[in-house]
Amino acid sequence: MEVDSQEQLQRKQSTYLSLDENFEIQKEVYRGQQYSQIYFARLHMMRTLLYSLVPNWKSHLPVCTVLELKEGKECIIFGTLYKHMKLKPCILDEYSKERSVAPLIKPHNFMHQDDYLVLEDESGRVKLGGTKLSTSVYVTGVVVALHGKETSAGAFFVEDVLEAGLPPQIKRPLKSREDKYVVFVSGLSIGRSSSNPLQFQLLVDHITGHLGDEEEQGLAAEIVHLVIVGNSVEISRGLLNGQNLASKDQSRLCEPFKELDILLTQIAASLPLDIMPGSSDPANFALPQQPLNRCLFPGSTTYNTFRSCTNPHCFELDSIRFLGTSGQNIDDLTKYSEAKDKLDFLERTLRWRHLAPTAPNTLGCYPFTDRDPFLIDSCPDVYFVGNQEKYETCLLKGLEGQLVRLICIPRFCETGVAVVLNMRNLECHALTFGTQISS
Amino acid sequence: MATTSKNMNVFYRQKKNGTTSTGKKSTKSPSPKHAATFGSEITQPPALVSHGGSLDLKDDFDEQEQVLRQFDMNMAYGPCMGITRLDRWERAQRTGLNPPKEIESLLKGGKVKLESLFDGRV
């Protein structure tokens, strides 16, 4: 076997464009505003959009506000949905004298059969009736148009619903592409006692081309980008109980970052890499999470291939648009609604054109005054969510010819699975790393 | 603070649209109906008396302030709390709501309050 082959393998390149500007909050000034501003921005933007879709849906019906509703008059109303949930944890429960139905052990899902939906706009709110609007599907914060009429009981009987639907997608030029791969990995959880450093090292070695023969290395050379989708470190709970740390504990606090930085330096030396913050990472709690500070990665930031990004993260590679989050938005939907799988939740957020409809109700969010940054204006080609239980993917087709690859990225620490996407045809497959040595 | 509803009328003078009232000055002495507060300073605590020595009673009457308050209360432009009037106007302009131009000139003109009525009070 020859050690030095005649030709050196070159890694393929792709053009990168970051679209995270909308998620950055450096320019925002907090003036004591509350969340009414972001809800108004959301309602106004979505209502303008839905208003333009109504002529194609039911052009013969009049549009009115909630206060203008008259009993028996069939009309269309626009507003934000609010789901009243009996089991939703409320701060006032702690102060109530009698312990009511809510159990002390928190359930994973707060749904109850007595939940009901309410539609709200600036003028007022109205309770919604009828079976067309499924209480198990919708959550607080979704803006819809409803066709129906007011009943004698004062509720609004819903006959039909109009969601915004998939946003328009910019058509990509169909030039014959070569195979170029993007690797997604999430939930590395370095610092957790059960995390296996050998697994991630194997991934790094594979991507950087240090494993395998020429054919393997040839495949690795076609990987153009790596995205780390949140929860890269996990700091042990014992160190975060609010007490002063002894100096030996302080060094224990930094160890996960040092380990991560060593591995990221190896990757950054080889290919472009994006790292997003997650719920267990040292970034701000409220969405949009700001990029992890570069001082956490002294080795990797020397490379210009290393990019610390926001969560949610939006970027373009060779004019293919990617959009994704580290999982907080989908996890919140799981708590307050039901679906057969996580891909269903992903699809719903695209149809509602909003990344995180439950923000700011049950999901922490910055109180923007002039815009709602989670509105999806343009349909991505790849829509991903990290830190899920298992790898799932599907191809979503829209009514106007949109094509989106939906990906659920599993936690690497628990599954050893990373996801590889081929940019030529948007096909996806899993890359599994195991470190069991079989006898 | 024992301000009764009768006393509130002195504070928030209701103004009907289209009337050409000259704006009564509130230096009237309390009528026997207000005997409970006769002589007390509940409606005009000394802290509110401005430096010139005159009572701070004019803030309700300013014409420009009335126009701006109508702008604050207009639901079409969203909530007025937690955002300066100029920011709210600019947001309305940017999102295509076509707010009246004279509000912008009033706000940039300087002598008016930049915050809405409720700012800092709620």
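Visitor: How does one read the relative accessible area of A:Glu120, and is this residue buried, partly exposed or exposed?

Guide: A:Glu120 has a relative accessible area of 33% and is therefore partly exposed, since that class lies between the limits of 20% for buried and 50% for exposed. Please keep in mind that this is a predicted model.

Visitor: With which residue does A:Glu120 form a salt bridge?

Guide: The partner is A:Arg125, and the closest N and O atoms of the pair are 2.8 Å apart. A:Arg125, at 49% relative accessibility, also counts as partly exposed.

Visitor: Where do A:Arg348 and A:Asp344 lie, and how many residues apart are they?

Guide: Both belong to helix 6 of chain A (residues 342-351), with a spacing of 4 residues, or about one turn of the helix.

Visitor: Which side chain of chain B meets A:Arg31 in a salt bridge?

Guide: It is that of B:Asp87, at 3.1 Å from N to O. A:Arg31 sits in the loop between strand 1 (16-18) and helix 1 (36-58) of chain A, while B:Asp87 sits in helix 3 (residues 85-94) of chain B, so this pair joins two chains. A:Arg31 is partly exposed at 41% relative accessibility, and B:Asp87 is partly exposed at 24%.

Visitor: How many salt bridges are there over all chains, and which residues are linked in a network?

Guide: The count over all chains is 32. A network of salt bridges links A:Arg192, A:Glu234, A:Lys342, A:Glu389, A:Arg411 and A:Glu414.

Visitor: What span should helix 2 of chain A have?

Guide: Helix 2 (residues 197-208) has 12 residues and, at 1.5 Å a residue, should span 16 Å; the end C-alpha atoms are 16 Å apart, which agrees. At the start of this helix, a side-chain oxygen of A:Asn196 comes within 3.1 Å of the backbone nitrogen of A:Leu198. Just after the helix, A:Gly209 has a positive phi of about 85 degrees. The buried residues of helix 2 include A:Phe200, A:Leu203 and A:Ile207.

Visitor: Is A:Ile275 buried or exposed?

Guide: A:Ile275 counts as buried because its relative accessibility is 0%. This residue lies in strand 9 (residues 273-276) of chain A. Beyond its neighbours within four places in sequence, A:Ile275 has contacts that include A:Leu260, A:Phe297 and A:Cys309.

Visitor: Which residues make the nonpolar surface patch of about 400 Å²?

Guide: The patch is made by A:Ile91, A:Leu92 and A:Tyr95. A:Ile91 is exposed, at 57% relative accessible area, and is found in the loop between strand 2 (74-84) and strand 3 (116-120) of chain A.

Conventions:
Residues are numbered from 1 along each chain as its sequence is written. Chains are lettered from A and ligands numbered from 1 in the order in which they are written. This is a predicted model: local features need pLDDT of at least 70, side-chain atom pairs count only at pLDDT 80 or more; totals for chains, interfaces and linings use all residues. Side-chain values use heavy atoms; hydrogens and water are left out. The expected span of a helix is 1.5 Å times one less than its number of residues. Buried means under 20% relative accessible area, exposed over 50%, partly exposed in between (1.4 Å probe, protein chains only). A polar contact is a pair of N or O atoms within 3.5 Å; within protein, one must be able to donate a hydrogen and the other to accept it, and residues adjacent in sequence count only if both atoms are side-chain atoms. Contact means heavy atoms within 4.5 Å. Patches are made of residues with over 30% relative accessible area and no salt bridge: like charges are joined within 9 Å, nonpolar side chains (Val, Leu, Ile, Met, Phe, Trp, Tyr) within 5 Å. Accessible areas come from the Shrake-Rupley method with a 1.4 Å probe; for residues, only the protein chains shown count as cover. A salt bridge is a side-chain nitrogen of Lys or Arg within 4 Å of a carboxyl oxygen of Asp or Glu.
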